[in-house]
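The following note collects comments on the model displayed below. Please read the numbered points alongside the sequence and the coordinates.

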Amino acid sequence: MNTILTFILPLTLLVWQSPKFTFEVIDTDTDATLIAMSSTAETLWLSGTNGTIMKSNDEGLTWSDNLWTGPDSLQFRDIQGLTEGKAVAMSIGTGEASQIFLTADEGKSWIRSYMMTHPDGFLDCIDFWDDQRGVAYGDSFDGYPFILRTTDGGRSWARVLPENLPKALEGEGGFASSGTCITTASGGRAWVGTGNGPSARVLLTEDYGQTWKAVASPLISGEAAGITSIDFTEDGSGFITGGNLSMMEQYTDNCAVSRDYGLTWELTSSPVTKGALYGSSIASINEQDYFFVCGPNGIDYSFDDGKSWQNLDTANYWVVHFDSGRSIGWAAGKNGRLIKINIGE
């Protein structure tokens, strides 16, 4: 006779719970629209409209008065902290309104290191690999992308030669909406998200900006449409967002991911927030990526590579910023609004 033995083993079900996302509002004592953010080990930097540049040396608990003493007509759409006391700020506008400034004394004084000389030129964003090597991107006006490089910490800038660039598409440029249309990574990699052309493209470099190539993305394209923001992790995971700035109450193809350093892209699901999105950031914590997107209609997050999204707030935001490995981040926008975001367990 055959005996069938049945073993009843204890079964442990591991249920992964989504992390908790909370935020608190921080008083900045300004009514400027805050557009760009950067951080170093010592300092958080913020910049925006009305000639606004601010910093915090205590994790954002308190903020300085406006550090800019020049014309308040300048719009500082990007800022990059370098080392202690050093930062580079970029103002935007057609022609000579596009300028780059450098401080080495915590913002007490600023020197101009670049001014756009072409009347149709328009800077959109800057980023740095380290405290010496950086890159800036602007709208095309002569058939090639406008890309600047610095190798001396922003004290001088030189344009990348046309023979080292792909040809620009008709009308192609960028969006100075959050200072994040360009991002850098180790090993000389960098990526630019473009817009306003017949295709929303990603420009890539692997040699600290000396040579570039272009790949197509699936984001909505055309006039006033394309990629506004791009971010990458060190392992080659990337995220782009954007939309059509004339369609602020509709859903469009405005978010995509890459797993191969930006060579190919795949659309995600639509975020909760409608309309064009201005800023994005990837928070990488314990090998888990969290995507954040923000725009005039709110800020959303995803912890499953964009398969699903949750809304964090419905206020007007232009920029969201997380440093790799940190569960604390920031988002800022209209009327001086600034929030501190916490990713909990």
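1. Rings of Phe, Tyr and Trp (its six-membered ring) are taken to pair if their centres lie within 6.5 Å; planes under 30 degrees apart count as stacked, over 60 as edge-to-face, and the rest as tilted. By this rule, the count comes to 17 aromatic pairs.

2. The model is predicted, so local features need pLDDT of at least 70 and side-chain atom pairs pLDDT 80 or more, whereas totals for chains, interfaces and linings use all residues. Residues are numbered from 1 along each chain as its sequence is written, and side-chain values use heavy atoms, leaving out hydrogens and water.

3. Phe-128 and Trp-157 form an edge-to-face pair, at 6.0 Å centre to centre with 80° between the planes. Phe-128 lies in strand E9 (residues 123–128) and Trp-157 in the loop between strand E11 (146–150) and strand E12 (158–159), 29 residues apart; strands are DSSP runs (E, at least two residues), numbered from the N terminus. Both Phe-128 and Trp-157 are buried, that is, under 20% relative accessible area with a 1.4 Å probe and protein chains only; exposed means over 50%, and partly exposed in between.

4. The rings of Phe-141 and Phe-146 are tilted, because their planes stand at 40°, with centres 5.5 Å apart. Phe-141 is partly exposed at 23% relative accessibility, whereas Phe-146 is buried at 4%.

5. One aromatic cluster is formed by Phe-21, Tyr-290, Phe-292, Tyr-301 and Phe-322.

6. Thr-40, in the loop between strand E2 (34–39) and strand E3 (44–48), counts as buried at 17% relative accessibility.

Note on methods
Helix = DSSP H or I, 4+ residues; strand = E, 2+ residues; numbered from the N terminus.
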